[in-house]
Amino acid sequence: LNVLDAPASGALTAEIDGAGQVVGLAGTLDLAKGALRPTEQARPVPFNSSKSYIRYEASTGRLIFDQIELDSPQLRLSATGHADLRDFSAGIPQTLLGQLRFTNVRLAPEGMFEAPVTFVEGALDLRYRPAELALDVGQLVLRNEGAELVAKGSVNVLAEGWAVSMDAGIEEIDHGSLMALWPENAVENTRRWLIENIQAGSVTHAHAALRVAPEKPIDAAVSFDFSDARVRFLKTLPPIENARGYASISGKSFNLGLNAGAVTAPSGGALEAEGSGMQIPDMTAKPAVAVFDLALTGPLSAALNLLDEEPFEFLSKSGLKPDVATGIAEITTRLTVPLEPKVEVQDVGYTVSANVRAVRSDSLMKGRSLQSDLMVVSAGDGALSIEGTGTIDDVPISVVWSRKIGAGTGTNSRVDG
C-alpha cells in the first residue's frame, strides 16, 4: 500500500489454527480520493475512490478479490479475481500472479478520447513484482459490441518515472468505432483527416504499439487494413468508392495505400484507383502537408471529365470537352495539400502525367481523324503538353502540342512536329 497516497480505512478478520498459524484472512479496504504515487518522480495517477473485498487462503497462497470497485477520472470498472502469492522471502511474497475479470469498464484518459470509451467486459492476466514496482501484462482483453481489443506488455516504475511498453490489436472493427479509439491528442490534423475522409467501411488487423520512457518522447506506431470504404482525397474531387487498402503511422509519418477502389467521374465512367496512396511525411509540422499519389486507369472520357474539376480544370482552360477523344488513360497524379481546417484551391499543388492508348478523335481537328497507339500527357508548373505519334487521315505524324495554363495565360498554344 505504500504506493498509494490516499486516506484508507477497512476491517480485517483472521482465522488462526491451534499452532498459531494464520489459516485465512478476510477484509475490506476503502480508499478515499487520492492518487497512485509509486515514487516522487513518477507522475501521480489520481482516483476518486476504491473499495475492495479480499480473502486470503493460506493453504493455497491465494488472495481472492470478491469485489473491486474503482472510480477515477481516467478509469472506472468493477472486477473480481485472484492473485497467487509466490517467491516468498522473509515471509514476504516477491511475485503475485493474478487473473481479474472486469465489467462496466469506462476509459477516459485526460485529453485522449473525444468521449469516454466503454467496454462491457474484460479480463487481465498479470504478474506483479512489488519490490521492483514492475507489472507484466500477459494478456488484457476488453470486449464491446462487435469488437475485442487484445493487449500485452509491461508497466514499470524506474528511478526517473514511468516506463510503459504495450502492444494492442483488434482483429475487426467498424471505422467509426476505431476513430472513437483514436487519441485526440495524437496529431490533431491527421486524426481529423481520417475521420472526415475515410468514410464508412470496416477495419481489420488493427495493431498499435506504445513505448513510454522517462525523459524521452512518446513512441507510438499504428497500422490497420480497411475495406468497403469511401476515401476522399480532395473535397473538390469525387471519392474513391469500395476502397480496400492499408494505413500506418510510424514515428512522425502517416501512410495510406490502396489495393483496390474506383473513382466515378462526375459525368459517369469509372477509373480504377489500385496503387494510389497518401503520405504525410511529418505529422508534427505546422501545417502538416499531405502528398497524394493517385494512379487511375480507365476510359479517356472519364479521365478528362475528372481532370476538368478543381484544381485542374484542364479542359475549361483549353476550350475542350470530355468527348474530344476516346481511348484508355493511365494517369499518375500527385497532389500536395496542407492539412488545415480551410484549404483553398490555389493552396493545392499538383502534377499530372498520363499515357493514353488507342486514341481516336474526330473533333480535335475539325474535319480530320486523329489516331494514335500512344500519346503522353503532362501537366504541372503552369504548363500542359500532349505528345506522341499517330496518323491524321492516315498520314503519319509525330507531334508535340503545348500551352501555358493558369490565370492570365490566354488561349494560345504551340504545335511542334
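## Exercises on a predicted protein model

Residues 24 or more positions apart account for 44% of the contacts with a separation of 6 or more in the protein, where a contact means heavy atoms within 4.5 Å. The model is predicted, and local features need pLDDT of at least 70, side-chain atom pairs count only at pLDDT 80 or more, while totals for chains, interfaces and linings use all residues. Residues are numbered from 1 along each chain as its sequence is written, and side-chain values use heavy atoms, with hydrogens and water left out.

**Exercise 1.** Describe the secondary structure of the protein and decide how its radius of gyration stands against the globule rule.

*Solution.* Begin with the elements: the protein has four helices and 27 strands, taken as DSSP runs numbered from the N terminus (helices H or I, at least four residues; strands E, at least two). Next, the radius of gyration, taken over C-alpha atoms, is set against 2.2 Å times the number of residues to the power 0.38. The radius of gyration is 31 Å, well over the 22 Å that the rule gives for 417 residues, so the protein is more spread out than a compact globule. Finally, along the principal axes, the C-alpha atoms fill a box of roughly 115 × 35 × 30 Å.

**Exercise 2.** Classify the aromatic pairs of the structure.

*Solution.* Rings of Phe, Tyr and Trp (its six-membered ring) pair if their centres lie within 6.5 Å, and planes under 30 degrees apart count as stacked, over 60 as edge-to-face and the rest as tilted. The structure holds two such pairs. The ring centres of Phe-224 and Phe-226 are 6.5 Å apart and their planes stand at 55 degrees, so this pair is tilted. Phe-312 and Tyr-350 form an edge-to-face pair, with 5.2 Å from centre to centre and 80 degrees between the planes. This pair links distant parts of the chain, 38 residues apart, with Phe-312 in the loop between α3 (300-306) and α4 (314-318) and Tyr-350 in strand β23 (residues 349-361).

**Exercise 3.** Determine whether Phe-312, Tyr-350 and Ser-253 are buried or exposed.

*Solution.* Buried means under 20% relative accessible area, exposed over 50% and partly exposed in between (1.4 Å probe, protein chains only). Phe-312, with a relative accessible area of 2%, is buried, and Tyr-350 counts as buried at 17%. Ser-253, which lies in strand β18 (residues 253-264), is buried with a relative accessible area of 17%. Leaving aside residues up to four places away in sequence, Ser-253 touches Ser-248, Ile-280, Pro-281 and Met-283.
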